[in-house]
Amino acid sequence: MTVAPHFQFHHRTLHAEQVPLTELAEQFGTPLYVYSRHALRDAWESYRIAGQGRKLLVCYGMKANSNLAVLQEFAQLGTGFDIVSGGELARVLAAGGDPSKVVFSGVGKQVWEIEAALQAGVKCFNVESEGELERIAEIAARMGKRAPISLRVNPDVDAHTHPYISTGLKDNKFGVPIEHAPAIYARAQQLESLLITGVDCHIGSQITEISPYLDALDKLIKLIKQLQAQGVQLEHLDLGGGLGIRYTDETPATPSDLLSHVFVALDEHQLGHLEIVLEPGRSMVGNAGVLLTRVEYLKHGDGKNFAIIDAAMNDLIRPTLYDAWHSVEAVEPRPVNPDTPVYDLVGPICESGDWIARDRQLALAPDDLLAIMSAGAYAFTMSSQYNTRPRAAEVMVDGSTVHLIRPREELASLFASERLLPK
Ligand SMILES: *Cc1c(COP(=O)(O)O)cnc(C)c1O
């Protein structure tokens with residue numbers, strides 16, 4: 001068994017759904033991102049079922065994986081989207097997503113981005129500062145529109161996750177301190193070009209327990225009561241994203257675990273009428289993808305062995321950026337015994353930080369295929385062309401059908417828009 005239900009061994013070969021990864025490597029080359037369409041559907045289904053009978057809007061946190069085919073699949077299933085840039089809005093529209101189900105987060109919204117979002121008719125701006133509130137009000141007034149807004153509050157709770165992906169503590173750059181919220185809502189009440197519709201928070205990522213959410217919810221409920229007293233009636237409560245996935249042996253809380261507690265707490269406080277918005281990213285796509293790579297060389301040294309693979313930190317930066325652990329599976333495993341070497345899996349890039357996995361006992365030979373597991377989220381979207389390496393191709397497997405959803409970049413395209421100086 002691997003960590004990802006739709007990537008399993010059949011006849012000793014690792015498959016994506018019904019397709020052997022060996023065939024995909026043959027057809028499309030490596031490094032290659034391989035996604036499972038059924039894994040996307042299952043992830044959506046677990047949220048849908050958790051919200052049955054209640055008002056729940058799932059706004060997929062699309063920065064986790066924004067390939068148009070992934071967005072299209074989710075849009076067809078009925079999700080909205082959490083965007084963090086005008087570029088992401090353009091992707092939603094290109095994929096056929098519904099702008100009225102889009103929430104717009106991010107601390108640095110530029111004028112053109114706010115204009116584009118108003119033009120498209122997004123559900124809500126998740127406002128992250130007083131300066132942004134004033135800017136949105138001005139632009140909406142100029143455009144003769146009313147901008148729907150929610151204030152992103154920082155509830156100052158510890159999500160017990162990596163500091164780079166923890167966002168709900170008071171020294172993070174995100175949101176406004178929750179104690180300031182009543183005054184900022186009061187200001188918003190005075191601005192006629194604004195329509196107050198909700199409140200939101202997003203406390204971090206790869207959160208495996210629900211207690212940090214419930215701590216945040218407690219504080220938000222108190223705030224909502226205070227706002228009611230001040231004449232602000234909200235329509236929705238957005239608890240952000242952040243649910244974790246299994247990378248190794250985690251047993252993350254499920255959407256049902258989370259939502260059942262949320263609904264009880266809201267009912268207890270006579271807030272059952274509020275629409276709940278969630279912004280899951282990682283838990284929608286993380287285990288729906290693997291990064292398929294080939295071993296180029298093996299270097300056996302004193303004390304350290306390196307497997308040099310054709311995927312690198314430009315393809316998958318999470319290990320070196322967050323010290324993230326990805327499980328690694330040999331696509332056609334050889335028998336492992338106590339003498340089997342332990343390898344660091346490293347890429348060809350000229351940086352010591354270019355590593356994908358460390359200290360893995362694997363029986364390897366050059367040309368072997370490896371699958372870097374749980375590479376559906378914050379993987380391709382964080383990739384770059386560093387060292388003038390074309391970004392990897394992406395394919396979507398659906399049963400025994402394979403769709404190429406992004407061809408491998410052509411070398412010439414990497415510098416096609418650059419210009420030589422005049423002679
Ligand atoms: C990144 C992000 C998300 C998605 O987070 P996950 O941990 O991937 O679920 C949701 N909301 C906001 C505001 C984000 O920045």
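**A tour of the ligand site**

Select Arg282 first: at 4% relative accessibility this residue counts as buried (buried is under 20% relative accessible area, exposed over 50%, partly exposed in between, with a 1.4 Å probe and protein chains only). The model is predicted, so local features need pLDDT of at least 70 and side-chain atom pairs pLDDT 80 or more, while totals for chains, interfaces and linings use all residues. Residues are numbered from 1 along each chain as its sequence is written, and side-chain values use heavy atoms, without hydrogens and water.

Arg282 belongs to helix H10, residues 282-285 (a helix is a DSSP run of H or I with at least four residues, a strand a run of E with at least two, numbered from the N terminus).

Now show the ligand. An oxygen atom of the ligand lies 2.7 Å from a backbone N or O atom of Arg282. Another stop is Lys63, where a side-chain N or O atom is 2.7 Å from a ligand oxygen.

Finally, select Glu351, in the loop between strand S17 (342-346) and strand S18 (355-361). Is Glu351 buried or partly exposed? With a relative accessible area of 37%, Glu351 is partly exposed. Leaving out residues up to four places away in sequence, Glu351 touches Met313 and Tyr386 (contact means heavy atoms within 4.5 Å).

Key: Polar contact = N/O pair within 3.5 Å; in protein donor to acceptor, adjacent residues only side chain to side chain.
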